[in-house]
Amino acid sequence: MAITLFLNKKKPILGRCIDDYSTKMRLRYAPFYHAMDAQKGTTIQLDGKEMIMLSSNDYLGLSFHPKVVEAGRAALLKWGTSTTGARPSNGSRTYHLELEQKIAAFLGREACHIHAAGYLSCLASVAAFAQKGDVILADKNVHSCLWDGIRLSNATVERFSHNNPEDLREVIATANPQAPKMIVIEGVYSMEGHIARLPELAEIAEEHGCFTVLDDAHGFGVLGRQGRGTVDHFGLNDNVDVICGSLSKSLASTGGFVAASSDVIEFLRTHSKQTIFSAAISPTQAACAQASLEIMQSEPQHLEKLWLNTKKYRAILKGLGFDTWDSETPAVPIVLGSKERVYPFWKALLEKGIFTVMATSPAVPAGKDLIRTAVSAMHTDEQLEKIAAAMAYAAKKL
Ligand SMILES: Cc1ncc(COP(=O)(O)O)c(C=O)c1O
């Protein structure tokens, strides 16, 4: 104790780390950072116990697909582990260009740039294009990476109510009419499972000359023809300027992409610090994403199975009377409303062999504390039955 006090005084920042209440609570209740001992598709092993994974973003279930695994292995042997360099200097390889061309073509865009994390791609999609003096209109529930991009841009930010074009219209009416404007939204909201009301939002963007950035991390692979995403789902390819997303969800890899016109992507390559000063995506990551992209186009059964499972899973939750926040997609929250209800529910599921993730305020709006679940094409009927039984058990703990 005396030593801690002495340290806190001598090094206040170190003291902040040692005394942090949130960290102490996290370590005490241990709801996060669980390291699994083993995984095979939707079956995991945690502390020696077999469990069903119900919170992964492997929507299409491709992370153990033999073609994806083989593509990663072959790339590792051919290209080594890493380029150990940034794209503008020594880190560019032909496989980067190949994947970029394939993603761009799939999304009906002229060009694409890939990064080593979706977080970087989405952050850069805002920070590279907006600047001081601009006005950014952001859905108040967008992902943390987009908020970081907004902050780094130095633009003025105005939030509008979640997925609410009427509110966007009101907010935009009060903004400086002369200022260049950007709208920042997600295609599918990761916690809520809501699909953006893109037709109405795009109409407002058009009326006000707004540059539109849409993060489709959870729509890519899930919505649209062959999984082309939210923009394709609505047939609005001409209305969105930038589609960014992640390779770590339906594409069963890690990394991210920004897809847009050639002018926009070349501007990004000139000005985006995240693009210029961070090492290129690794050969294995790129190859796995590319193999998944090819499978999305040649094996439609994964997308079909995903939606079949989503229907079955939603019916289970509805039968139990859960509040799923009107989720429309495979990302399904179970809203319980308070930390006191979320924690025992999550623990009861764990006890029954179901792994989920909890999200509590301020990560979600107050009163919306929830269990975040996501169904995959890989879940079997037997697993869904086990999930149903565990949910019924957890409901009794509330
Ligand atoms: C909406 C959204 N955008 C971006 C990201 C970042 O992607 P990545 O995990 O590939 O860095 C995530 C990840 O959870 C996300 O949910």
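This note goes through a predicted model in numbered points, from the domains down to single residues.

1. Where the domains meet. On the side of domain 1, 17 residues are in contact with 14 residues of domain 2. Helix H15 (301-319) and strand S11 (331-335) are the elements that give two or more residues to this side of domain 1. S11 gives the most, with three residues. By class, this side of domain 1 has ten nonpolar, three polar and four charged residues.

2. The ligand. The shell around the ligand holds 14 residues, and the closest of them are Gly118, Tyr119, His143, Ala217 and Ser246. Which helix gives the most to this shell? That is H7 (residues 118-127), with three residues. The classes in the shell are five nonpolar, seven polar and two charged.

3. The four-stranded sheet. S1, S2, S3 and S12 form an open sheet in the order S1-S2-S3-S12, with mixed pairing. S1 and strand S12 (354-355) each have a single partner strand, so they stand at the edges and one side of each has no neighbour in the sheet. As background for the student, strands of a sheet pair through backbone hydrogen bonds, either parallel or antiparallel.

4. Strand S1 (residues 38-40) and strand S2 (residues 43-46) run antiparallel and are joined by three bridges. Gln39 has Ile44 in S2 as its bridge partner, and Lys40 stands opposite Thr43 in S2. Two residues lie between the strands of this hairpin, and Gly41 in the turn has a positive phi of about 60°.

5. The hairpin of S2 and S3. S2 also pairs with strand S3 (residues 49-53), in the antiparallel sense and over four bridges. Leu46 has Lys49 in S3 as its bridge partner. This hairpin, too, has two residues between the strands. Asp47 is in the loop between S2 and S3 and has a positive phi of about 50° although it is not a glycine. Is Asp47 buried or exposed? Asp47 is exposed, because 10 other C-beta atoms lie within 10 Å, and a residue counts as exposed at 12 or fewer.

6. Helix H12 (residues 262-271) has Val264, Ile265 and Leu268 as its buried residues. These three are on the same side of H12 because they cover an arc of only 95° around the axis. An α-helix has 3.6 residues a turn, so residues three or four places apart point the same way. Ser262, Asp263 and Thr270 are exposed on the other side of H12. The buried residues of H12 pack against several elements, namely strand S4 (111-115), H7, strand S9 (242-246), strand S10 (256-260) and helix H13 (273-276). One of these, H7, has already come up as the element that gives the most to the shell around the ligand.

7. Gln226. This residue is in the loop between strand S8 (211-215) and helix H11 (230-234). Phi of Gln226 is near 55°, a positive value in a residue other than glycine. Gln226 counts as partly exposed because it has 15 C-beta neighbours inside 10 Å.

8. A cis peptide bond. The bond between Ser361 and Pro362 is cis, with omega about 10°. Where is Pro362? Pro362 is in the loop between strand S13 (357-359) and strand S14 (370-374).

9. Glu351. Helix H16 (residues 339-351) contains Glu351. Glu351 is partly exposed, because 13 other C-beta atoms lie within 10 Å, and a residue counts as exposed only at 12 or fewer. Glu351 and Val184 are 167 residues apart in sequence, and their C-alpha atoms are 40 Å apart in space.

Methods. Residues numbered from 1 in each chain as written. Predicted model: local features only at pLDDT ≥ 70, side-chain atom pairs only at ≥ 80, totals over all residues. Contact = placed C-beta atoms within 7 Å. Nonpolar A, V, L, I, M, F, W, Y, C, P; charged D, E, K, R; others polar. Near = placed C-beta within 6 Å. Pairing = 2+ DSSP bridges. Buried ≥ 20, exposed ≤ 12 C-beta atoms within 10 Å, placed from the backbone. Arc of directions from axis to C-beta.
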